[in-house]
Amino acid sequence: ANMNNISRDGLLTPAERNTHRGGTYGPGLYTGNNPHAFRNYGDVGLMLAVLKGKEKRVSRGEARDPDIDTYVGNKTGGTGYADEIVLQHSSQCIPIFRFTRSASRDTGTIRTCHKQVQILLDEFFNEGQKTKATTITW
């Protein structure tokens, strides 16, 4: 059902869906930077193009700032591997393609796709400036 809703409406924040639920780091679109770390949350993953805007790393329950576009938190206490990236507006992301949970085990294919998509985004949206992509060790 979620994929049908996403296909029809796109990714929406709780406010855009007229609900008021928020997660650990407040309401927003919860995304991750590592399909392996979050593969147990469902059978399907989405590769997204994301515009982070003004970003802030936060801990649980930290006060919200209306000037922040993206919050980054990590329930494990670390950084990187299991970061949760919380976008404040649906306009900050575009789904590029979906993949299955079993495909997330094939790290080489997902990384190759990510690199190729990033090259295209840099060329067409970043005026050729390369985005510094962090490689997450799985």
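Is glutamate 84 buried or exposed, and what is its relative accessibility?

Modeller: Residues are numbered from 1 along each chain as its sequence is written, and the side-chain values use heavy atoms, with hydrogens and water left out. This is a predicted model, in which local features need pLDDT of at least 70 and side-chain atom pairs count only at pLDDT 80 or more, while totals for chains, interfaces and linings use all residues.

Glutamate 84 counts as buried because its relative accessibility is 9%, where buried means under 20% relative accessible area, exposed means over 50%, and partly exposed lies in between, with a 1.4 Å probe and protein chains only. The side chain of glutamate 84 meets that of lysine 75 in a salt bridge, at 3.2 Å from N to O; the term stands for a side-chain nitrogen of Lys or Arg within 4 Å of a carboxyl oxygen of Asp or Glu. Side chains of opposite charge can pair when their charged atoms come close.

By the same rule the model has five salt bridges. Among them is the pair of glutamate 62 and lysine 56, whose side chains meet at 3.3 Å, N to O; glutamate 62 is partly exposed at 31% relative accessibility, and lysine 56 is likewise partly exposed at 28%. Another is formed by lysine 52 and glutamate 55, with an N to O distance of 3.7 Å, and here lysine 52 has a relative accessible area of 32% and glutamate 55 one of 42%, which places lysine 52 and glutamate 55 in the partly exposed class.

Turning to the cysteines, the count of disulfides, meaning pairs of cysteine sulfur atoms within 2.5 Å, comes to zero. Cysteine 93 is in no disulfide, and the nearest cysteine sulfur, that of cysteine 113, is 19 Å away. Seen from cysteine 113, the closest cysteine sulfur is the one in cysteine 93, and a bond is ruled out because 19 Å is too far.
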